[in-house]
Amino acid sequence: EERTKQNELLVEWLEDFKSKYGEYEEANETIQECEEALALYKKVVGAAKIPLMIQNARNARRADGSCLEYGLKFHLDRFTGALKDGIPGNPRFPERDNEYIEERTKQNELLVEWLEDF
């Protein structure tokens with residue numbers, strides 16, 4: 001977070017510096033130094049940031065702002081497990097089939113919503 005803020009400040013400063021002094025040869029070394037620092041930031045932080053953001057999204061729960069109550073893994077395990085088990089199909093309790101379909105439909109909609117937000 002702190003490095004990101006420093007990077008943003010450097011980008012702003014560099015743009016301002018370039019607009020004021022970019023046409024002067026004496027400014028080239030300073031501009032190059034800043035651009036190298038920004039490239040290094042992108043290489044080091046950027047390489048770690050995206051995988052971390054993906055992992056955070058996968059682990060996020062409803063309390064963290066996700067649409068999935070207990071995170072992606074829990075949701076997928078329950079969803080695929082129930083699908084593998086199949087519809088109950090007990091003729092004595094046909095309402096269970098309806099409940100099963102309704103619950104899987106809700107789980108599917110939540111997964112689609114999560115994917116859209118991802």
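## About the model

This is a predicted model, in which local features need pLDDT of at least 70, side-chain atom pairs count only at pLDDT 80 or more, and totals for chains, interfaces and linings use all residues. Residues are numbered from 1 along each chain as its sequence is written, and side-chain values use heavy atoms, with hydrogens and water left out.

Helices are DSSP runs of H or I with at least four residues, strands are runs of E with at least two, and both are numbered from the N terminus.

## Helix H2

H2 has a kink of about 35 degrees, centred on Val-45. The bend at a residue is the angle between two fitted axes: one for the seven residues ending there, one for the seven starting there.

Four residues of H2 are named as buried: Ile-31, Cys-34, Leu-38 and Tyr-41. Buried means under 20% relative accessible area, exposed means over 50%, and partly exposed lies in between (1.4 Å probe, protein chains only). These buried residues pack against helix H1 (2–21). Packing here rests on contact, meaning heavy atoms within 4.5 Å.

## Helix H1

H1 has 20 residues. Its first and last C-alpha atoms lie 28 Å apart, close to the 28 Å expected at 1.5 Å a residue. The buried residues of H1 are Thr-4, Asn-7, Leu-14 and Phe-17. Seen down the axis of H1, its buried residues fall within an arc of 150 degrees, so they line one face of the helix. The arc is taken from the directions that run from the helix axis to the C-beta atoms.

What covers this buried side? H2 is included in the cover over the buried residues of H1. On the other side of H1, Lys-5, Leu-9, Glu-12 and Ser-19 are exposed.

## Helix H3

The 14 residues of helix H3 (residues 72–85) should span 20 Å at 1.5 Å a residue. The end C-alpha atoms of H3 are 20 Å apart, which agrees. Leu-72, His-75, Phe-79 and Ala-82 are the buried residues of H3. They cover an arc of only 120 degrees around the axis, which puts them on the same side of H3.

The buried residues of H3 pack against H2 and H4. The face turned away from them carries the exposed residues Lys-73, Lys-84 and Asp-85. Just after H3 comes Gly-86, with a positive phi of about 80 degrees.

## Gln-107 in helix H4

Is Gln-107 buried or exposed? Gln-107 counts as buried because its relative accessibility is 4%. Gln-107 sits in helix H4 (residues 94–117).

Which residues does Gln-107 touch, leaving aside its neighbours within four places in sequence? Gln-107 is in contact with His-75, Arg-78 and Phe-79. His-75 and Phe-79 are among the buried residues of H3. Thr-80 is 27 residues from Gln-107 along the chain, and their C-alpha atoms are separated by 9.9 Å.

## Aromatic rings

The structure holds 4 aromatic pairs. Rings of Phe, Tyr and Trp (its six-membered ring) pair if their centres lie within 6.5 Å; planes under 30 degrees apart count as stacked, over 60 as edge-to-face and the rest as tilted. One of the pairs is Phe-17 with Tyr-21, which is tilted: 5.1 Å centre to centre, with 50 degrees between the planes. Both residues lie in H1, 4 residues apart, about one turn of the helix. Phe-17 is buried, with a relative accessible area of 15%. Tyr-21 is partly exposed, at 42%.

The rings of Tyr-70 and Phe-74 have centres 5.0 Å apart and planes at 75 degrees, so this pair is edge-to-face. Tyr-70 is partly exposed at 42% relative accessible area. Phe-74 is partly exposed at 37%. Trp-13, Phe-17 and Tyr-21 form one aromatic cluster.

## Cysteines

How many disulfides does the structure hold? The number is 0. A disulfide is counted when a pair of cysteine sulfur atoms lies within 2.5 Å. Cys-34 counts as buried because its relative accessibility is 10%. Cys-67 counts as buried too, at 11%.

Key
The expected span of a helix is 1.5 Å times one less than its number of residues.
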